[in-house]
Amino acid sequence: MSLPQSAVERPVFTVMLVLIVVILGSVALSRLSVDLMPDITFPTLSIVTNYGNASPEEVETLITRPIEEAVAAVPGVDTIDSESGEGFSNVRISFTWGSDLNEAANDLRDRLDRVISSLPEDAGRPSLRKFDLSATPIMELGVTSMLSPLELRNLIDEQVEYRLERVPGIAAINVRGGMTREIHINLDPEKISSLKIPLDQVANAINSANVNIPAGSISIGNSELNIRTPGEFTAISELLQTVVLERSGSPITLEQIASIEDSWQKISRHTRINAQTG
């Protein structure tokens, strides 16, 4: 007996079968989720390294090329693309489809551990990131105010950002625009030359003085208290009194060879909202 003949001879069964298929299809269609950006995992990992105040040529020579050479031997690597800019390096490693990204990430970390010691001391530690479409920002909020750009940026960083991060569903927040406070130390070339003070000596003296040092612990009754010596600068006057070195038993302070300016970081990007600084 053919299928058409069976359907004609059993009309009730045929109608019920068609209704079941229609009902199940309608229920499935109503529950079918629609995602504007579906979960797609690309076999791509990025290694980002910051190297402040360095030119693109220096970044490429000192950071990008050593990292490229280190990760080229990782199994499963398909292509390697890199970008070297002022103060940053971005190396993108694409793996063949089907590669286990977790295992690939572990292999990259092992390779990076071998090359980190050869990178410049003042360069940031390379960070490994996965390419994720869901990490694309979904909302941008603009803020303008009668406050100065420096005060507005400080307000957003100190009072607004951490509150927005607590909102359920928010993974990360990036703040752009405004001005970020920065202390400028302007050395006097004539005094530095006459006293024959190396520039790295000045930098090392400032870094070693601007730290909190653990000082052990003491026991009081049944309690044990950890002690630390606070040494971070809290005012420009403290920075000015930093001893750079001693000559003939006399200390030479930073105030004697430099001037301090309470300023802001170099502005490389302008953010405007309705023609106003934001």
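Asp-157 and Arg-153 both sit in helix α5 (residues 149–165), four residues apart, about one turn of the helix. Helices (H or I, at least four residues) and strands (E, at least two) are DSSP runs, numbered from the N terminus. The model is predicted: local features need pLDDT of at least 70, side-chain atom pairs count only at pLDDT 80 or more, and totals for chains, interfaces and linings use all residues. Residues are numbered from 1 along each chain as its sequence is written, and side-chain values use heavy atoms, with hydrogens and water left out.

Asp-157 and Arg-153 form a salt bridge, with the closest N and O atoms 3.0 Å apart. A salt bridge is defined as a side-chain nitrogen of Lys or Arg within 4 Å of a carboxyl oxygen of Asp or Glu. Side chains of opposite charge can pair when their charged atoms come close. An α-helix has 3.6 residues a turn, so residues three or four places apart point the same way. Arg-153 is buried, at 17% relative accessibility. Asp-157 is partly exposed, with a relative accessible area of 28%. Here buried means under 20% relative accessible area, exposed over 50%, and partly exposed in between (1.4 Å probe, protein chains only).

Helix α5 also holds Ile-156. This residue is buried, with a relative accessible area of 16%. Neighbours within four places in sequence aside, Ile-156 is in contact with Val-143, Glu-161 and Val-175. Contact means heavy atoms within 4.5 Å. Ile-156 lies 9.6 Å from Gly-178, C-alpha to C-alpha, at a sequence separation of 22 residues.

The search of the whole structure returned six salt bridges. One of them joins the side chains of Arg-125 and Asp-113, at 3.5 Å from N to O. This pair links distant parts of the chain, twelve residues apart. Arg-125 is in the loop between α4 (101–115) and β4 (127–132), whereas Asp-113 is in helix α4. Arg-125 is exposed, with a relative accessible area of 61%. Asp-113 is partly exposed, at 46%.

Another salt bridge pairs Glu-60 with Arg-65, at 3.6 Å from N to O. Glu-60 is partly exposed, with a relative accessible area of 34%. Arg-65 is likewise partly exposed, at 44% relative accessibility.

Helix α3 (residues 56–71) bends by about 35 degrees at Thr-64. The bend is the angle between axes fitted to the seven residues ending at a residue and the seven starting there.

Rolling a probe the size of a water molecule over the atoms shows where empty space is left. On a 1 Å grid over the protein atoms alone, a pocket is an open set of points where a 1.4 Å probe fits, with protein on both sides within 12 Å along at least five of seven lines. Lining residues have an atom within 4 Å of a point. The lining consists of Arg-181, Ile-183, Ile-206, Asn-210, Glu-232, Phe-233, Thr-234, Ala-235, Ile-236 and Leu-239. By class, the lining divides into six nonpolar, two polar and two charged residues. Ala, Val, Leu, Ile, Met, Phe, Trp, Tyr, Cys and Pro count as nonpolar, Asp, Glu, Lys and Arg as charged, and the others, Gly among them, as polar.

Backbone torsions were also examined. Most residues other than glycine have a negative phi, and most peptide bonds are trans. Lys-196 is not a glycine, yet has a positive phi of about 55 degrees. Lys-196 lies in the loop between α6 (189–195) and α7 (199–209). At 70% relative accessibility, Lys-196 is exposed. Ala-275 also has a positive phi, near 70 degrees. The loop between β11 (272–273) and β12 (276–277) contains Ala-275. Ala-275 is exposed, with a relative accessible area of 69%.

Asn-90 belongs to strand β3 (residues 88–95). Asn-90 is buried, at 15% relative accessible area. Beyond its neighbours within four places in sequence, Asn-90 is in contact with Ser-46, Ile-47, Val-48, Asp-81, Ser-82 and Glu-83.
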